[in-house]
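Dear colleague,

Here is the structure I said I would pass on. My notes come after it.

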Amino acid sequence: MPEILLRGGEAAYTLRTATQGDIAQVAAIDVSITGIEKPGYWEDIHDRYVRQPAEDTGLAHLNRLFLCACQGETVIGFIVGEIRAWEFGSPPCGWVFAIGVRRDLRTRHVAQTLFQAACDSFRAAGISIIRTMLARDNTLAMSFFRSQGMMAGPFIQLEMELQPS
Amino acid sequence: MKLQKATRCALFAILELAADPGRQMSAHEIADKYGISTNHLAKVLRSLGRAGLLEAVRGAGGGYRFSGSVKRTTLLDVIQLFETIDPLARGEREDGDDTKAGAALCQVLTEIEDIARATFASISLETMLKVVEKKG
Ligand SMILES: CC(C)(COP(=O)(O)OP(=O)(O)OC[C@H]1O[C@@H](n2cnc3c(N)ncnc32)[C@H](O)[C@@H]1OP(=O)(O)O)[C@@H](O)C(=O)NCCC(=O)NCCS
């Protein structure tokens, strides 16, 4: 993977599939964004999005990806996505489930590079739509996704509180 | 959803000028392009000037130039100078709101307001100009 020059600085970074050794750093970026520790969650994501697809070619059609942007061994951003088909009645489409960039390295196009890599990967798999879901009040993430060309799609998310029986 | 006339004029003027921040245009030129009244637009342009989004260029051949930030100014920033798109969130109350049906209606309308607000707040002028470009 060629090195990408960080906008607004001399340093360069590369994109690569997340390794076992990246998990703790990804989890730390996630906690810095959400404030929630999720024990075992990122290990599980690595297992399902990296280890299993590497061992089982039967999963190739899901195009699972868990990419990290790295400066040497330091993770500065990540993205997770895959192709999902027919859930909610939707034809095959690429999903982005999570994206995050270290606070001190934001607004230098790291997320854009990760997102475009996901788009390229889905496109190469014959997919023409990429989708995500995010909190309505997360203006920062929504501004980012809209800047990449995303608009509201034809689905709407509904929910309700389950009353105790 | 419908925006008020002044808001639409403001958005057209801002997008026109923000597309090329170096360029200046008169109220007449902008009004002509969008088929709106020059008088009405002139008032709107003065408000945008007071908000720091436009700068008036004096003298012959004068007009207005964009002076905001295309990356950091959102559609909501412009809209809110002219109207309130989320009156319930801002505490506006109407007759009947205290009844059960009124409260239920408020809940549904708040859902719609929230989506409208989130949409306008997440579209910067730069992003909107990309959408404009795509319209060929
Ligand atoms: C959203 C996020 C991933 C963006 O990462 P980033 O590397 O800073 O983004 P980029 O530099 O690639 O930005 C690309 C474009 O997004 C938009 N954008 C990014 N940050 C922005 C901000 N603070 N305000 C407005 N627009 C912004 C801009 O249009 C930008 O392009 P430009 O710099 O040429 O104007 C990062 O802010 C983040 O990690 N936020 C928390 C993530 C989160 O909430 N995740 C949960 C949902 S999955």
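Predicted model: local features only at pLDDT ≥ 70, side-chain atom pairs only at ≥ 80, totals over all residues.

Overall make-up of chain B

Chain B contains 6 helices and 3 strands, and their order along the sequence is α-β-α-α-β-β-α-α-α. The C-alpha trace spans about 60 × 30 × 25 Å along its principal axes. Of the 136 residues in chain B, 37% count as buried. The accessible surface of chain B is about 8,100 Å², and carbon and sulfur atoms account for 51% of that surface. If one takes the contacts in chain B between residues at least 6 apart in sequence, 66% of them join residues at least 24 apart.

The sheet

The 3 strands of chain B make an open sheet in the order 1-3-2, with antiparallel pairing. Strand 1 (24-25) and strand 2 (54-57) of chain B each have a single partner strand and stand at the edges, so one side of each has no neighbour in the sheet. Strand 1 of chain B runs antiparallel to strand 3 (residues 63-66) of chain B, and 2 bridges join the two. In this pairing, Gln24(B) is placed opposite Arg65(B) of strand 3. Helix 1 (residues 5-18) of chain B packs on the sheet and touches strand 1, strand 2 and strand 3 of chain B. The direction of helix 1 makes about 70 degrees with that of strand 3 of chain B.

Salt bridges

Over all chains, the whole structure has 18 salt bridges. Three of those in chain B are described here.

Arg23(B) and Glu16(B) form a salt bridge through their side chains, at 3.3 Å from N to O. Glu16(B) counts as buried because its relative accessibility is 8%, whereas Arg23(B), at 29%, counts as partly exposed.

Lys71(B) is joined to Glu126(B) by a salt bridge whose closest N and O atoms are 3.3 Å apart. This pair links distant parts of the chain, the two residues being 55 residues apart. Lys71(B) sits in the loop between strand 3 and helix 4 (75-79) of chain B, and Glu126(B) belongs to helix 6 (residues 125-134) of chain B. Both ends count as partly exposed: Lys71(B) has a relative accessibility of 42%, and Glu126(B) has one of 29%.

Asp86(B) and Arg90(B) also meet in a salt bridge, with 2.9 Å from N to O. Asp86(B) is buried, at a relative accessible area of 2%, while Arg90(B) is partly exposed at 47%.

A buried glutamate without a salt bridge

What is the nearest side chain of opposite charge to Glu113(B), and how many Å away is it? It is Arg117(B), at 7.4 Å. A salt bridge requires the side-chain nitrogen to be within 4 Å of a carboxyl oxygen, and Glu113(B), although buried, has no salt bridge. Glu113(B) is part of helix 5 (residues 100-121) of chain B. Leaving out residues up to four places away in sequence, Glu113(B) touches Ile85(B), Asp86(B), Pro87(B), Leu88(B) and Ala89(B).

An exposed arginine

Arg50(B) lies in helix 3 (residues 38-50) of chain B. Arg50(B) counts as exposed because its relative accessibility is 68%, and the cut-off for exposed is over 50%. From Arg50(B) to Asn39(B), 11 residues apart along the chain, the separation between C-alpha atoms is 17 Å.

Chain A

In chain A, Arg64(A), Glu82(A), Arg84(A) and Glu87(A) are linked in a salt-bridge network.

Met151(A) is located in the segment after helix 4 (139-147) of chain A. With a relative accessibility of 54%, Met151(A) counts as exposed. Apart from neighbours within four places in sequence, Met151(A) is in contact with Arg146(A) and Val131(B). The C-alpha atoms of Met151(A) and Thr14(A) are 29 Å apart in space, and the two residues are 137 residues apart in sequence.

Regards

Definitions and conventions: Residues numbered from 1 in each chain as written. Chains lettered and ligands numbered in written order. Heavy atoms only, no water. Helix = DSSP H or I, 4+ residues; strand = E, 2+ residues; numbered from the N terminus. Buried < 20%, exposed > 50% of the residue type's maximum accessible area, 1.4 Å probe, protein only. Lys, Arg positive; Asp, Glu negative; His and termini not counted. Contact = heavy atoms within 4.5 Å. Pairing = 2+ DSSP bridges. Axes fitted to C-alpha atoms, helices over the stretch in contact; angles between N-to-C directions. Areas by Shrake-Rupley, 256 points an atom, 1.4 Å probe, with all protein chains shown as cover.
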